[in-house]
Each structure stands twice: as C-alpha cells, then as structure tokens.
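Please open the model in your viewer and keep the sequence at hand.

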Amino acid sequence: MLMLWLSVLCLFFAVVVLAYLATAPRDDVPLDSHALHSRRGLLLYLTPAMNRSEGWLRRLFGYNTSVERTLREKLKGIGGGYPLEANEILSLQLLGLATLVPAAALLLVTGIRFRVVELSVTQAFFAVGLLAAAVVALPILPIDSLLKARRAEIARKWPFCLDLLSIALSSGVGLQSALERVAEAIGTGALAQELRRVLNEIRLGASRQQALRSFARRAGKGDVATSVEMIVQSEALGTELSSILSEQAQAARAKAMQEVEKKAMQAPVKMILPMALFIFPSILGVLVGPLFISYLQQR
C-alpha cells in the first residue's frame, strides 16, 4: 500500500510538472537560437517547456557547468547542425526525468499491485532505471556518431586540401588568400565549412594561429592536427610552406592506403563468425539433408 501511495504522489508530481511546462508562453522561445531552424515535430512544441525547465536547471547546478561545456564543444565539432543546444539537451533530460520516469513508476507499481503486470518489485525498479538511463542517453547519443562521421569526412578530404593549399601558396598568394581559394574550390562539405569558419574567425579578430588550432581541435587528433601545427610553426618561423604541405599530402595518402590495406586484411577474420553461423549450416543442410532423409525412409 505504501508503494501505491508513493507511485500516486509521483504521478501527481509528474502531471503538475508537465502541465506547468506545457503552459509555458511561446514568447520564452529565443528567436536567435541557431538550432531552431533544424527543429521539427515534437521538439518544436517542447521548446517552451525546455526553456522553462532551464531555469530549474540553473538554480540546481548553476551556469556553465563542466557537462555543459563538454556538450558545447562537441556541438561545435559537428558544425551546428544538431537540433538542440547544450543547455537545451540538459533541460530535456531534466524534463524527462521529472515527468516520464515518475509516470512509468506509477504504471508499473499499479500494475503489480492489481496483478496486471507480472513483474517483481526488483524488476520494476530495474525497468524504471533503464527508462531513466534512456531519458538521459537518447538526447546525446547521436552526437558522438555525428562527430565521428564529420571528422572522418574531414580526414578523407584533407590530402586534397593540402595539395590545393600547396598550389595556391606556390603561386605567391598569402595563407589567408590561399585558404579562401581552397574553401571556394572545395565548395560544400564539412571541410569547406570548417575552412570558412576559420576565415570568419580571422575576420572577427582572432589570430590565424588561434583559428587554425581551434579547427584542429574540432577535427580531432590525427593528420589534420599535425599538418595544422606544422602550418602554424612554419608561419611563425617564416619558412617555405608549399613543399611541406605537398609532402604532408603524400604522407596522408600513404597512411590512408595503409589503413585500407589493414581493413582489407581484417575482413576475412571478421567474416568467419557470420559464415560459421549462417552460411556453413545452410550448405551443410543442402548437402547432408537429402542423405538424412533417405536414411530415415530406409528405416
């Protein structure tokens, strides 16, 4: 009986919170939010509620927490195409924990109390814990995969970018003009967006070293970071850069070829398990099946 009353209180709390958030005025939505243009469906209707729950989040944990800074850096790395901003992700998690989890707890406890759900109390708590983990994980789960795909695209096009930079620098233009020409030549894609972002940061007052190193952090560790650091050092020392970039492009292509060969050598090993589970039993059934049927008929 105590568990039933607790679940009723949880549901009442969830309904009150949801009603309070659902009545948030549309004027609370920030018109300058960069993520609003890619927001559709349910997220668009949840935006006022997320903005209202953000006030609770600030009172509980303060401003600019380490988790929010980490999320903001990851969102910068994916180019700003995510439909939620860092503070909105945390607000959505808090909103789900305050509404969905208590409601699910009530449904499970009520079902167990009236023998509608065949679960023990321990299993019900485990299910509610899984729901809470899903509420926390689902808003941030696509970020890492998007970031990984964007970095892979940048790394794949980086040798071509270095070749274009080398050609532009060998023609006598400066580094900033060379970056502008390369961004225009590449046209679209993650790398072109990052180069334009570097140029915009330089126009807004950042030094070329800061803008390039910020780009290297967003692109992740690897050939991009090595080449960017070499460009920064070469510009600081005043050394000739076009031949160095050409050598870097060749080294990056050789490394990419080695990675392809490595994956090709790993393919037969990875195919053993699917073949043993799906292909070999089918072949064995086709070969041995008729003999087994004949043996049964002769008996």
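At what angle do helix 4 and helix 5 pack, and how far apart are their axes? Before the selection is made, two remarks on conventions are in order. This is a predicted model, in which local features need pLDDT of at least 70 and side-chain atom pairs count only at pLDDT 80 or more, while totals for chains, interfaces and linings use all residues. Residues are numbered from 1 along each chain as its sequence is written, and side-chain values use heavy atoms, with hydrogens and water left out.

**First stop: helix 4 and helix 5**

Select residues 86-113, which form helix 4, and residues 121-137, which form helix 5. Helices here are DSSP runs of H or I with at least four residues, numbered from the N terminus. The two pack at an angle of about 160°, with their axes 9 Å apart. That makes helix 4 roughly antiparallel to helix 5, a term for angles over 145 degrees. Axes are lines fitted to C-alpha atoms over the stretch in contact, and angles run from 0 to 180 degrees between N-to-C directions. The crossing of this pair is right-handed, meaning that the near helix is turned clockwise from the far one by less than a right angle.

Now display the side of helix 4 that includes Gln93, Gly96, Leu97 and Leu100, and the residues of helix 5 that include Val121, Ala124, Ala127 and Val128; these are among the residues that meet. Contact means heavy atoms within 4.5 Å. By class, the contact has 15 nonpolar, two polar and no charged residues. Ala, Val, Leu, Ile, Met, Phe, Trp, Tyr, Cys and Pro count as nonpolar, Asp, Glu, Lys and Arg as charged, and the others, Gly among them, as polar.

**Second stop: helix 3 and helix 4**

On helix 3, select Val67, Glu68, Leu71, Arg72 and Leu75; on helix 4, select Ala86, Asn87, Ile89 and Leu90. These contact residues divide into six nonpolar, one polar and two charged.

Next, select helix 6, residues 141-170. Helix 3 and helix 6 pack at about 40°, with axes 9 Å apart, and are therefore oblique to each other. Here the crossing is left-handed, the near helix being turned anticlockwise. Leu71, Lys74, Leu75 and Gly77 in helix 3 meet Ile143, Asp144, Leu147 and Arg150 in helix 6.

How values were computed. Parallel < 35°, antiparallel > 145°, perpendicular 65-115°, else oblique.
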